[in-house]
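Try each one yourself before you read the solution.

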Amino acid sequence: MKISTKGRYGLTLMIALAKRHGTGCVSLKTIAEENGLSDLYLEQLVGPLRNAGLIRSVRGAKGGYELKMPATEITAGDIIRLLEGPLTIVERMESEPPGQQQLWLRMRNAVKEVLDQTTLQSLADYQDKDALEGYMFYI
């Protein structure tokens, strides 16, 4: 299973919206600039996210995009499945020996569990502890 640019950019977009949840709308251009992404590519992703009821758009001078529901109610799995399709490790498992089929199913279920237990809020709140520890100063 490989997550494409579509899934990665979509998750980045949603994390950016989660970090701003409750503060109003943000433009795609702002999110693109802050994350080094293409705003034109992000425009292609907002349609499915809006149609699924995860985000809403607001027109006007203070318009842009915002989450339609709390970030605690959206999982990484919701976003990845929406943009990438169903989670599959291998195609046509039926042709594999039973032991291998079990391996593929266990792998798929492990990935599914991680994605479905990871909320958008937890991703927005994440801070790299190693990076923070790297800035210790002693006098």
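**Exercise 1.** In this predicted model, how many aromatic pairs are there, and what is the geometry?

*Solution.* Start with the count: one aromatic pair turns up. Its partners are Tyr-9 and Tyr-41, with ring centres 5.1 Å apart, inside the 6.5 Å cut-off for pairing. Now take the planes: they sit at 80°, and anything over 60 counts as edge-to-face, so that's the label here.

**Exercise 2.** Sort the two tyrosines: is Tyr-9 buried or exposed, and what about Tyr-41?

*Solution.* Tyr-9 has 19% relative accessibility; buried means under 20%, so Tyr-9 is buried. Tyr-41 comes in at 25%, which makes this residue partly exposed.

**Exercise 3.** Which elements do the buried residues of H1 pack against?

*Solution.* First get the helix: H1 runs over residues 5–19 and reaches 21 Å from first to last C-alpha. Next, pick out its buried residues, among them Gly-7, Tyr-9, Gly-10, Leu-11 and Met-14. These buried residues of H1 pack against helices H2, H3, H4 and H6, plus strands E1 and E2.

**Exercise 4.** How do H1 and H4 pack?

*Solution.* Their axes are 9 Å apart, at an angle of about 140°. That makes H1 oblique to H4, and the crossing is right-handed. For the contacts, look at Lys-6, Gly-7, Gly-10, Leu-11 and Met-14 in H1, which meet Ala-76, Ile-79, Ile-80, Leu-83 and Glu-84 in H4.

Terms used. Residues are numbered from 1 along each chain as its sequence is written. This is a predicted model: local features need pLDDT of at least 70, side-chain atom pairs count only at pLDDT 80 or more; totals for chains, interfaces and linings use all residues. Side-chain values use heavy atoms; hydrogens and water are left out. Helices (H or I, at least four residues) and strands (E, at least two) are DSSP runs, numbered from the N terminus. The expected span of a helix is 1.5 Å times one less than its number of residues. Buried means under 20% relative accessible area, exposed over 50%, partly exposed in between (1.4 Å probe, protein chains only). Contact means heavy atoms within 4.5 Å. Rings of Phe, Tyr and Trp (its six-membered ring) pair if their centres lie within 6.5 Å; planes under 30 degrees apart count as stacked, over 60 as edge-to-face and the rest as tilted. Axes are lines fitted to C-alpha atoms, for helices over the stretch in contact, and angles run from 0 to 180 degrees between N-to-C directions. Angles under 35 degrees count as roughly parallel, over 145 as roughly antiparallel, 65 to 115 as roughly perpendicular and the rest as oblique. A crossing is left-handed if the near helix is turned anticlockwise from the far one by less than a right angle, and right-handed if clockwise.
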